[in-house]
Amino acid sequence: MGGFFAAALKNDCVFDLFFGTDYHSHLGTRRAGMTVLGENGFERAIHNIENSPFRSKFDRDMQEMRGNFGIGCISDYEPQPLIVRSHHGTFSLVTVGRINNADEIADDIAANGGTHFLEMSGGKVNQTELVAAIINQKTNLIEGIQYVWEKIEGSMTMLILTPLGIYCARDSLGRTPIAIGKKEEGYCASFESFAYLNLGYEHYKELAPGEIDIITPEGIKVLSNPNNPKKICSFLWVYFGYPSSGYEGVSVEYMRNRCGSLMAKRDNMSINDIDIVAGVPDSGTAHAVGYANESEIPFSRPFIKYTPTWPRSFMPTIQSKRDLIAKMKILPVHELIEGKKILLIDDSIVRGTQLRETAEFLYKSGAKEVHVRPACPPIMFGCKYINFSRSTSDMDLITRRIIRNEEGEDISSDILEEYTNPDSEKYKKMVDEIRKQLGFTSLRFNRLDDMVESIGIGKENLCTYCFDGNE
């Protein structure tokens with residue numbers, strides 16, 4: 001995943017750019033960068049943020065950079081923004097998304113004499129560099145951006161900084177957002193709409209899928225406004241979005257409360273069954289509050305996340321180390337665990353490793369029962385659009401491993417569809433096997449129809465590929 005921020009102001013934009021970008025730190029873990037355009041031309045800084053927060057790494061850059069236009073990003077993987085010199089002139093670029101056919105496109109461009117690419121670790125091409133190369137195949141930036149959407153398999157939202165203004169281009173199906181803020185001094189563009197509110201901006205608009213706008217200090221101009229269908233990622237509400245975020249007019253915190261409430265209505269548990277409702281911090285907390293309010297079972301916090309020296313950015317890329325760090329961040333409150341029947345809500349179950357260890361710890365700390373309620377349906381397919389699960393294969397998912405053990409290696413789409421149906425016997429058997437393997441007293445996933453209802457914008461406007469395989 002990743003996030004970005006841009007500012008186009010009549011005065012210096014660096015203060016807004018610095019803090020607006022920093023407000024996206026929950027979306028990325030590895031690198032961050034800023035590019036500013038002013039009297040000295042393009043100035044850029046990129047730093048590794050794995051072991052320290054954005055603000056500490058970019059404090060000196062903020063003091064030294066000057067300009068009216070700027071873009072910044074938080075990235076999970078590739079270093080960006082990039083500064084590109086081409087027949088379009090010089091521009092700087094940031095991207096959020098995923099290109100599944102990157103090697104094929106890069107080989108095709110290189111074979112036709114277009115350019116060469118600098119490889120990153122592991123032989124991968126920086127996808128932002130690849131996007132720039134695709135753009136440069138066309139005679140103007142608008143055609144180039146649209147050509148990116150035509151060529152790639154995946155999704156791509158981007159900001160392009162030029163001397164004329166900042167081009168803002170939302171993915172052709174709107175899988176990731178761009179929000180525009182406005183104040184007297186100019187405009188900003190942001191992945192997260194809350195990122196500009198404390199900087200004096202008012203919410204102005206959200207770009208539609210496939211829309212391309214350009215912002216300057218004087219205004220915003222729509223350059224392309226196609227009538228594309230919308231498929232925004234539903235997991236933005238369930239997990240990725242910060243509680244104060246909102247997409248398509250729907251608050252993340254409100255959605256999570258409503259999601260928990262609908263789970264409680266269908267679950268029909270009471271104070272006679274459960275002593276406390278708890279959320280795995282942080283993304284499970286609001287779901288748990290909604291569940292507790294609806295069920296009238298007390299909400300409690302048997303876990304506390306230690307944040308002063310364990311920010312989200314401190315997350316190694318090796319999965320075993322990620323699991324260890326995630327475990328070390330969460331501190332127990334034994335008095336709220338011992339002898340309790342606990343209903344625990346997390347945003348999702350991907351591999352299951354962390355929740356299995358959490359359940360084991362709760363039992364060792366004296367919990368009588370541990371009932372688990374993920375806030376989304378079972379994840380059945382690795383994401384092809386924003387890498388939210390960090391899975392390299394569908395077989396990294398606990399659901400698919402269980403299905404393979406039951407059905408064998410060659411599994412038809414019809415069989416998989418049965419496992420996504422919460423009313424089917426195959427689904428129920430899969431969930432019970434997950435429960436046994438992870439050691440829960442009971443396990444019930446949120447239903448897709450309830451999750452969609454809690455978002456409230458219609459399934460036809462949402463990407464639910466990871467749950468049902470529908471694109």
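**View 1. Accessible surface of the chain in this predicted model**. The accessible surface comes to about 19,900 Å² (Shrake-Rupley method, 1.4 Å probe). Carbon and sulfur atoms hold 46% of that surface. Local features need pLDDT of at least 70, side-chain atom pairs count only at pLDDT 80 or more, and totals for chains, interfaces and linings use all residues. Numbering runs from 1 along each chain as its sequence is written, and side-chain values use heavy atoms, without hydrogens and water.

**View 2. Buried residues and the largest nonpolar core**. The largest nonpolar core has 93 residues. Such a core is a set of buried Ala, Val, Leu, Ile, Met, Phe, Trp, Tyr and Cys residues joined through side-chain atoms within 4.5 Å. Leu159, Ile166, Cys168, Trp237, Tyr291 and Met430 touch the most other members.

**View 3. Surroundings of Leu159**. Neighbours within four places in sequence are left aside. Contact means heavy atoms within 4.5 Å. The partners of Leu159 include Phe4, Phe5, Ala6, Ile71, Tyr167, Cys168, Ile178 and Ala189. Ser92, Leu93 and Val94 are also in contact with Leu159.

**View 4. Charged side chains**. The chain carries 52 positive (Lys and Arg) and 64 negative (Asp and Glu) side chains; His and the chain ends are not counted. The centres of the two sets lie 3 Å apart, with each charge placed at NZ of Lys, CZ of Arg, CG of Asp or CD of Glu.

Conventions
Buried means under 20% relative accessible area, exposed over 50%, partly exposed in between (1.4 Å probe, protein chains only).
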